[in-house]
Amino acid sequence: MKALIPNFVLNIWDWFPPLTQYLIETTFWIVVVMITVILSVAFTTYFERKVIGYMQGRIGPNRVGPWGLLQPFADVIKLLIKEVVIPEKSNRFLFVVAPLLTLIPALATWAVVPLSDTFVIADINAGLLYVLALTSVGVYGVILAGWATNSKYAFLGAMRSAAQIVAYEIAMGFALVGVLMAGGSLNLGDITEAQAGGFSSWFLLPLMPLFFVYFISGVAETNRAPFDVAEGESEIVAGFHVEYSGVAFALFFLGEYANIILISALTSIFFLGGYNSFFEGWTFLAEDSFLREPSLLWLIIKICFFIYVFFWIRATFPRYRYDQIMRLGWKVFIPVTIVWIVVEGVMAWMQVGPWSNLSG
Amino acid sequence: MNRISSFIKTFVLWELWQGLSVTFLNFFKPAVTIYYPEEKAPQSPRFRGLHAQRRYANGEERCIACKLCEAVCPALAITIESDVGEDGTRRTTRYDIDLFKCIYCGFCEEACPVDAIVETRIHEYHMEAPGENILTKDKLLAIGDKYDAMISADKAADAKYR
């Protein structure tokens, strides 16, 4: 890699003080990860339409570009050239800021996500807390959008979303307590390292109920079907983003799909061993096979699987009624997680079955 | 016992898995989509699309201005004015069909004693300017002339059921 860079560039690089070098390097990687995530968002929308199309006996977009692959770009260009209408009686500042508030946390969380065994932008100790904090900030975008729009439909959507996310945040937090007990660390890299060694050492088996609670809460947290009462197009038009158009709407769209990718990435890191290989320790593959090495490839495969599950769920289930959502969150998920944390602790202490090699 | 089994079923998400399996199996079934401009769905000879007026083999127009179609039209889409023609027969001087009013019910075709007004299987047409929705007598006859072979074949195919 270094051989490709001409000498004088390296000389200029050496002139910079170490802090500046660090800043430039980090900014570079931040930009790389951000662009990758945004491009993945574009193709996630395409992926969603294809998956749901096939499940409904249709074929999905197939006109723009080969197999419709350029469809997301057509959509983006269409949204960019549309007018942004700002309602007269809205709070202009918050109306414009709200979409950014849903998008920025979804992108910022990627800073602590270990993408491979050597690469993570910010290797901070309290990574899990950072993740929890930022995913909670995401709800402010929805609430502010609903409030700033100054419309009854938008306000109802915002209120629904606020109550729903508060309910599921707790279940999500408890599920992560289980992960943290098993991993023995708040650092996402350490949690992943604790799951090294193939399928049997992932947290999926010992923490099965927490895995389901976490993923379903994740679906609720991103306001996706079947928990999309915040949008609820059959009841309150489009919920919090009724009055949004053009670029502002595109940002909401981007934020929603960035959140989907993020939740998928986090689920794979917490329960499916992140970048660890599925075949690690399997002997029928060659000793030096790249399939046995932990790498970004495995993380991408796992993320894609969970994104697929998101769309699979959307194609299958009708929307929950609002009181059913509340019941599921408060009366089912929270007790289940608390019980399972106790079970996990007792089992790990008694060294039983799959719990015996948890580090906690 | 029943309550226990339903409790367990709730916790292992039994019914949700059933639903998911349905969509998952459908995921691998071939799509039923017809790639429209390239592929087309089969059409019946009775298809009721764009209207046309027919002529006899000697070129004489069939319409005798009996106005039965105008009377039967439930959408009042047909306007007819008649006069004595050059050969002393009764002929239409004006025969307009408003395509915006027409509901394509086919009653005009049924009412016509001489099979003059017909609905063809043409359904891919459009209007580009205001007023083009009015099919005048000339236009109807032109459509009839252009697609005469198709119309005759369709009528012949359907004749034995009438």
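# Exercises on a predicted helical model

Chain A holds 12 helices and 0 strands. The model is predicted.

**Exercise 1. Describe the order of elements in chain A and its overall build.**

Step 1. Read from the N terminus. The elements run α-α-α-α-α-α-α-α-α-α-α-α.
Step 2. Take the extent. The C-alpha trace of chain A spans about 60 × 60 × 45 Å along its principal axes.
Step 3. Compare with a compact globule. For 360 residues, such a globule would have a radius of gyration near 21 Å; chain A has 22 Å, so the two agree.
Step 4. Turn to burial. Of the 360 residues of chain A, 42% count as buried.
Step 5. Look at sequence separation. Take the contacts in chain A between residues at least 6 apart in sequence: 77% of them join residues at least 24 apart.

**Exercise 2. Find how helices α2 and α10 of chain A cross, and which residues meet.**

Step 1. Locate the helices. In chain A, α2 covers residues 18–55 and α10 covers residues 246–271.
Step 2. Take the geometry. Their axes come within 9 Å and cross at roughly 95°.
Step 3. Classify the angle. Values of 65 to 115 degrees count as roughly perpendicular, so α2(A) and α10(A) are roughly perpendicular to each other.
Step 4. List the partners. From α2(A) come Val37(A), Ile38(A), Ser40(A), Val41(A), Thr44(A) and Thr45(A). They meet Leu254(A), Tyr257(A), Ala258(A), Ile260(A) and Ile261(A) in α10(A).
Step 5. Sort by class. The residues of this contact are 8 nonpolar, 3 polar and no charged.

**Exercise 3. Repeat the analysis for helix α3 of chain A against α10(A).**

Step 1. Locate α3(A). This helix spans residues 71–80.
Step 2. Take the geometry. The axes of α3(A) and α10(A) are 7 Å apart, and the packing angle is about 140°.
Step 3. Classify. Roughly antiparallel needs an angle over 145 degrees. The pair is therefore oblique.
Step 4. Name the residues. Val76(A), Leu79(A) and Leu80(A) of α3(A) contact Gly246(A), Val247(A), Phe249(A) and Ala250(A) of α10(A).
Step 5. Sort by class. This contact has 6 nonpolar, 1 polar and no charged residues.

**Exercise 4. Identify the largest nonpolar core and one of the residues with the most contacts inside it.**

Step 1. Size it. The largest nonpolar core has 89 residues.
Step 2. Name the residues with the most contacts inside it. They are Ala175(A), Ala258(A), Ile261(A) and Phe270(A).
Step 3. Find the main contributor. α10(A) gives the largest share of this core, 17 residues.
Step 4. Focus on Ala175(A). Leaving out residues up to four places away in sequence, Ala175(A) touches Leu210(A), Val213(A), Tyr214(A), Ser217(A) and Thr337(A).
Step 5. Look beyond. Another core, of 20 residues, lies apart from the largest one; among its members are Ala65(B), Cys108(B), Val118(B) and Leu135(B).

**Exercise 5. Characterise the side of chain A that touches chain B.**

Step 1. Count residues. 9 residues of chain A are in contact with 10 residues of chain B.
Step 2. Assign elements. In chain A, α2 and α11 (296–316) each supply at least two residues of this side.
Step 3. Pick the main supplier. α11(A) provides the largest share, 3 residues.
Step 4. Sort by class. This side of chain A has 6 nonpolar, 2 polar and 1 charged residues.

**Exercise 6. Is Met208(A) exposed, partly exposed or buried?**

Step 1. Met208(A) is in helix α8 (residues 208–221) of chain A.
Step 2. Count neighbours. Met208(A) has 13 C-beta neighbours inside 10 Å, so it counts as partly exposed.
Step 3. Met208(A) and Trp340(A) are 132 residues apart in sequence, while their C-alpha atoms are 9.3 Å apart in space.

Terms used: Residues numbered from 1 in each chain as written. Chains lettered and ligands numbered in written order. Predicted model: local features only at pLDDT ≥ 70, side-chain atom pairs only at ≥ 80, totals over all residues. Helix = DSSP H or I, 4+ residues; strand = E, 2+ residues; numbered from the N terminus. Rg over C-alpha atoms; globule rule 2.2 N^0.38 Å. Buried ≥ 20, exposed ≤ 12 C-beta atoms within 10 Å, placed from the backbone. Contact = placed C-beta atoms within 7 Å. Axes fitted to C-alpha atoms, helices over the stretch in contact; angles between N-to-C directions. Parallel < 35°, antiparallel > 145°, perpendicular 65-115°, else oblique. Nonpolar A, V, L, I, M, F, W, Y, C, P; charged D, E, K, R; others polar. Core = buried A, V, L, I, M, F, W, Y, C linked by C-beta atoms within 7 Å.
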